[in-house]
Amino acid sequence: MKKFLPLVLLLVTSYVLRAQDLCYEQQCFSATVNDTSFQFRDYWPLSATLIRQQASMDGRVPARSVITIVLSGQTYLDVNGKQFNEGIQFEILYEDIKEGEPEVYTVSLHYGSDLYSVLKKEGSLVVTDLKPEPGQQAFRISAVFNCKMRSWAAAYEKKEDVVLEGKIQNVLVNVPGWMVSKK
């Protein structure tokens, strides 16, 4: 029995560490908000797409291709009886993307019946791995994030900032046909 005890402890410890990450179709992700685990949806918790955003009407923001990754959380009724969907959304500029911190990105958090945005100077999103799939019709992206987030609530509501931390691993992003044909 003594011989098997270290093996059992190793397996239990390994399971506990792996339980912190949620894996869905070979894609893994985890997140905490103020050191509390973010609860992901049981079905279809992840979507990742490459989209073309239109230019702003005033011309200040040009049209650009953006990787959009959405991690879906729980759905519930808020204090006003309206349905609230928790989630985390990343938008990363696709042009010239490489490993490291992207030049242009945003992070949004829908949590606890509030909406939050990243404070860029007090957070980071770092792409740790980027690899094309065979045929160049998709790629996989991995990243870590540690972001201070500020509520969109009115100033008089005095909402506290929150810290969003976590990682995404091996997320599959399909490249639209129109983009593949341009290359």
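Biologist: In this predicted model, what does buried mean, and is Cys28 buried or exposed?
Modeller: Buried means under 20% relative accessible area, and exposed means over 50%. Cys28 has a relative accessibility of 14%. Because that value falls under the cut-off, Cys28 counts as buried.

Biologist: Which residue forms a disulfide with Cys28, and how far apart are the sulfur atoms?
Modeller: A disulfide requires two cysteine sulfur atoms within 2.5 Å. By this rule the count is one disulfide. The partner of Cys28 is Cys23, and the distance between their sulfur atoms is 2.0 Å.

Biologist: Is the disulfide of Cys23 and Cys28 right-handed or left-handed?
Modeller: The handedness follows from the torsion about the S-S bond. For Cys23 and Cys28 that torsion is about 100°, so the disulfide is right-handed.

Biologist: Which element gives the largest share of the lining of the second largest pocket?
Modeller: This pocket has a volume of about 210 Å³. Strand E4 (46-53) and strand E10 (162-174) are the elements that give two or more residues to its lining. The largest share is three residues, and it comes from E4.

Biologist: How many residues of that lining are charged?
Modeller: Among the lining residues are Glu25, Trp44, Arg140 and Asn174. The lining divides into five nonpolar residues and three polar ones, and the charged residues number two.

Biologist: What kind of aromatic pair do Phe29 and Phe40 form?
Modeller: A search of the whole structure finds six aromatic pairs. In the pair of Phe29 and Phe40 the centres are 4.9 Å apart, with 80° between the planes. Planes over 60 degrees apart count as edge-to-face, so the pair of Phe29 and Phe40 is edge-to-face.

Biologist: How many residues apart in sequence are the parts that this pair ties together?
Modeller: Phe29 lies in strand E2 (residues 27-33), while Phe40 is in the loop between strand E3 (36-37) and E4. Phe29 counts as buried at 0% relative accessibility, and Phe40 counts as buried at 11%. The parts tied together are 11 residues apart.

Biologist: What kind of aromatic pair do Phe38 and Tyr111 form?
Modeller: Phe38 is in the loop between E3 and E4, and Tyr111 is in strand E7 (residues 105-111), 73 residues apart. The ring centres are 6.2 Å apart and the planes make an angle of 35°, which makes the pair tilted.

Notes
Residues numbered from 1 in each chain as written. Predicted model: local features only at pLDDT ≥ 70, side-chain atom pairs only at ≥ 80, totals over all residues. Heavy atoms only, no water. Buried < 20%, exposed > 50% of the residue type's maximum accessible area, 1.4 Å probe, protein only. 1 Å grid on protein atoms, 1.4 Å probe; cavity = no way out; pocket = protein on both sides within 12 Å on 5 of 7 lines; lining within 4 Å. Points joined across faces, edges and corners; volume = space filled by probe spheres on them. Helix = DSSP H or I, 4+ residues; strand = E, 2+ residues; numbered from the N terminus. Nonpolar A, V, L, I, M, F, W, Y, C, P; charged D, E, K, R; others polar. Phe/Tyr/Trp six-rings, centres within 6.5 Å; stacked < 30°, edge-to-face > 60°.
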